[in-house]
Amino acid sequence: MAETHENTGHPRRWAILGVLVISLLVVVLDNTILNVALRTLADPVHGLGASQGELEWSINSYTLVFAGLLFTFGVLGDRVGRRRFLLIGLVLFGLASLLSAYAQSPAQLIAARALMGAGGAAIMPVTLSIIANVFGPRERGRAIGVWASAVGLAVAIGPILGGALLEHYWWGSVFLINVPVVALGVLLVALLVPESRDPNPGRVDVGGVLLSVIGLVALTYGIIDGGEHGFSRPVVWVAILGGLAVLAWFVAYERRSDHPALDVRLFRVPRFAAPVAIVGLIFFAATGVMFFTSFYLQLVRGYSPLEAGLFFLPFAVAQLVFAPGSATMVRRYGGKAVATVGLALTAVGLGSFAFVDAGTPLWVLLIFPLLQGAGMAHIMPPATESIMSALPREKAGVGSAVSNTVRQTAGALGVAVLGSVLSAVYRADVAPALRDLPAGARDAAGESISGAYATAGQLGPAAPRLIAAADDAFLTAMHWAAGLATVIAALGILVVLRWLPGRPAARTAEPASMGAPELAGTA
């Protein structure tokens, strides 16, 4: 382990931080860059002809594997060496990106994305461990702030970069862009980052990891399949109920384990459980809405991928403007008041999609991500404050990891649930307009709005009528999904009012030494 000093840390610490930021950028960038590529991936000519369920799995295969392995890979990194594990994660992520870029079918893309999730889970936890190792306590808070700001930047530029790539190159470029960044990261990590290990590493909870991944995948499969093909099929309920049963087994297993992959006992502490629940609810709603926003912008409104990416710019601007001052707001008004206002703004921003149509003015649309960005910038600081102050110092890192795992899992379930609502309502609403179409065209157009647009290209004079019917059905479905997202976000307000403390509790330990802060908008 490289020698560190309390006040100065490693002599190359700031260069090392730059390398860690590069390593992390590809993980965060890739998840946001994919959203603007969904419409292209659904195109049978320019993409893979993916169904809506397959598009949801292209997101969730990454997220579920990432969330399931986050804890275990953090322990493995401490055991085998953090630099070594970071290099392994980068190489795995780069190879999986290459496989994703040249996937020949949706199934291949889903499998490659799952492999990317494993690489991302190896990268994220060790970056923070290395920061804690090379920076002294006095500079650690500033270093983590730089790390968090870089994550926020990646969230903001991901859709814009994805749109720009799709304007000029094929869909695989949104994955191929990772490869040179990963190659640079591997070289710099090997040259600059010192090796470090935990002298007393934890044990790996293999059983817990397997149970969590199996349960979440089964539950998500049932929800997505039900939305795509209907909830009347027995296989759907077998998957949903079986997934819930496995997750219940996982909770019981983890409660008895002395080295749990997810320390479920932490949820007995209300001041910890409440903010984690808030994080889960808000990312469930926001990630699900982001999924269908791309189709609304690129199909119903006819915007290019780049224009759709620029739509999220107000969100980034709101983050840059409001996030730096949110901690001051918490100190002045208390976490409960600030989080309540933030959740209300976010709920309004998400719920506004329940009222838009094909002709809503652009300036009105741009208000929605602005409200959402401002709201989420004021949710995470009081939630993080409560998480950190509710646990002893030695458990702060575990608390942050639990919050990250819940965030990723909630985002995956948000895409699955809201995507299923979108699919089910669209299918029911568009059906009457498809009765006169041939069977093959009727099935394709009835599956999703992307399928309807692809079918319309082969119908000649009848195309405008089909497109109008598909747009109307999609808007109805989007209104229902946005309404559900708003209810989910509003539940967070009830959690805040009941359990979140009004003022930050005094702490004897320095926050920066306790773990990484959550960042509004990370996905």
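A residue counts as buried here when its relative accessible area is under 20%, as exposed when that area is over 50%, and as partly exposed in between. Keep that in mind as we walk through this predicted model.

Let's start with helix H5, which runs over residues 106-134. Its 29 residues reach 42 Å from the first C-alpha to the last, close to the 42 Å expected at 1.5 Å a residue. Of those 29 residues, 22 are buried, so H5 is largely enclosed by the rest of the structure.

Next, have a look at the loop between helix H9 (206-229) and helix H10 (234-256), where you'll find Arg233. This arginine has a relative accessible area of 31%, so it falls in the partly exposed class. The side chain of Arg233 also makes a polar contact of 2.3 Å with that of Asp225.

Now on to helix H13, residues 313-333. With 21 residues at 1.5 Å each, H13 should span 30 Å, and its end C-alpha atoms sit 29 Å apart, which agrees. H13 does have a kink of about 45°, centred on Ser326. Ser326 is also one of the buried residues of this helix, along with Pro314, Phe315, Ala316, Ala318, Gln319 and Val330. Just after H13, Gly334 takes a positive phi of about 95°.

Leu310, Leu313, Val317, Leu320, Val321 and Phe322 make a nonpolar surface patch of about 540 Å², and H13 gives the most to it, with five residues. Take Leu313, which lies in H13: its relative accessible area is 38%, so it is partly exposed.

Technical notes: Residues numbered from 1 in each chain as written. Predicted model: local features only at pLDDT ≥ 70, side-chain atom pairs only at ≥ 80, totals over all residues. Heavy atoms only, no water. Helix = DSSP H or I, 4+ residues; strand = E, 2+ residues; numbered from the N terminus. Buried < 20%, exposed > 50% of the residue type's maximum accessible area, 1.4 Å probe, protein only. Polar contact = N/O pair within 3.5 Å; in protein donor to acceptor, adjacent residues only side chain to side chain. Expected span 1.5 Å × (residues − 1). Bend = angle between axes of the 7 residues up to and from the residue. Patch = residues over 30% accessible without salt bridge, like charges linked within 9 Å, V, L, I, M, F, W, Y side chains within 5 Å. Areas by Shrake-Rupley, 256 points an atom, 1.4 Å probe, with all protein chains shown as cover. Salt bridge = Lys/Arg side-chain N within 4 Å of Asp/Glu carboxyl O.
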